[in-house]
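Please look over the sequence and the structure, then read the points below.

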Amino acid sequence: MDDMFKPSRRAFLRGSAAVAAGTVAGVASANGPDPLITELQDWASYTGVGVDETPYGMPISFESHVVRRNVEWLTASPISSINFTPIHALDGTITPQGCAFERHHSGAIELSKQDFRLMINGLVDQPLVFTYDDLMRFPRENHVYFCECAANTGMEWAGAQLNGVQFTHGMIHNMEYTGVPLRTLLQEAGADISTDKWVYVEGADASSNGRSIPMDKALDDVLVAFKANGEALRMEHGYPVRLVVPGWEGNMWVKWLRRIEVTDMAVESREETSKYTDVLEDGTARKWTWEMDAKSVITSPSPQMPITHGAGPLVISGLAWSGHGQITRVDVSKDGGITWETARLGKQGDTKALTRFYVDMDWDGAPMLLQSRAIDDTGYVQPTKEQLREKRGENSVYHNNCIQTWYVNAQGIAENVEVS
């Protein structure tokens, strides 16, 4: 068809609305003008609230359902637990701080800027202690990165478990961080930056969460961050200062950062031995699996975001990410992986950041088995559950980056299922 005669999407939407029985547009045309358009409404009849009503702006009440949620049976106590980002209800890629997931080992603490101290010691020329004001005097950088808990999707290893993308994939956020490169502070202390050296980073909370990081990563892109999305870190995200370790598992993004020690070897702390290792089928455990492999998920339609408008134009949307670099392609399947089509990618940002993808389609009301498959700039292709199980069995908790399947029925209701 000649381009000049191709119908626009606006014309398509208008035409489909006119012929769809029972649609809002159809009802309005049958019963007369829509009063929401033709009649004066209450909200336009009086003045609204003043500019100083809410000194710190909050979402409107109609969006009060867009909140982090916990799974009560997941842990014995919310003090050492996690809640989940409502990724099903968000679009674009930036996660508001108030929606970004929390993971604590001994609860979130209140540590003021005045009481904050950061010590650098170990294999350095001069051990140093920085105040918050000291950090603010160093040259800073801004980068958008995703942070994903290593246990994200971990409950899905043995089969479909949780019926909602917030709970299967919501241990993730994507924010713009502002901070000082860790290499700058190491250089200030005269650290031994030989490639065989490590840094051990430790938090100020009661759990003293600590992780070992190889020196080459510490010198690469790690940030000592004090802002997120332009404002101070939230308490639950490590206020006033946290570590940002792009592309690597969230447990290494130590919050309430208090100490950085340069060492000859890894410390082998609790969080890198008994935890955050991948137990294989034969009982052995892989360690040092820091990087988060390429992964994606369809956020809408999904169990918490059913199709409510019936047949017609439909936007399939989701997120993709890779700790190895940047997403170059996302494929989407509507038939459980039998056939695939390439999705449209949203605006690309920093490397090791979330990428939004879309598929625009005309849904005929037939059931679908929705899947997405991410490919990053190293050529890595997101695997199926069976491909992961062949390599690692079903004993793992961490680093599950399998392809997720939603079954969407004729009524538009989505369900977490497994395709074998």
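The model is a predicted one. For the protein chain, the mean pLDDT is 92, and 93% of the residues reach 70 or more.

**Annotated domain**

- An unreviewed UniProt entry lists residues 111-266 as "domain: Oxidoreductase molybdopterin-binding".
- In the model, this span is 13% helix and 35% strand.

**Cis peptide bonds**

- Tyrosine 239 and proline 240 are joined by a cis peptide bond, with omega about 10°.
- Proline 240 sits in the loop that runs between β10 (231-232) and β11 (242-244).
- Another cis peptide bond leads from serine 300 to proline 301, and its omega is near 0°.
- The loop between β15 (295-300) and β16 (312-321) holds proline 301.

- Threonine 153 is not a glycine, yet its phi is positive, at about 70°.
- This threonine 153 belongs to the loop between β5 (141-148) and α5 (165-169).
- Is threonine 153 buried or exposed? Threonine 153 counts as buried because its relative accessibility is 3%, and buried means under 20%.
- Tryptophan 256 is likewise not a glycine and has a positive phi, of about 50°.
- Tryptophan 256 is placed in the loop between β11 and β12 (257-263).
- With a relative accessible area of 2%, tryptophan 256 is buried.

**Nonpolar surface patch**

- Which residues form a nonpolar patch on the surface? They are Leu36, Trp43 and Tyr46, and together they have about 440 Å² of accessible area.
- Leucine 36, one of the patch residues, is in helix α3, which covers residues 35-38.
- The relative accessibility of leucine 36 is 58%, so leucine 36 counts as exposed, the cut-off for exposed being over 50%.

How values were computed: Residues numbered from 1 in each chain as written. Predicted model: local features only at pLDDT ≥ 70, side-chain atom pairs only at ≥ 80, totals over all residues. Heavy atoms only, no water. pLDDT = per-residue confidence, 0-100. UniProt positions renumbered as here; feature names shortened; annotations may be inferred. Helix = DSSP H or I, 4+ residues; strand = E, 2+ residues; numbered from the N terminus. Buried < 20%, exposed > 50% of the residue type's maximum accessible area, 1.4 Å probe, protein only. Patch = residues over 30% accessible without salt bridge, like charges linked within 9 Å, V, L, I, M, F, W, Y side chains within 5 Å. Areas by Shrake-Rupley, 256 points an atom, 1.4 Å probe, with all protein chains shown as cover. Salt bridge = Lys/Arg side-chain N within 4 Å of Asp/Glu carboxyl O.
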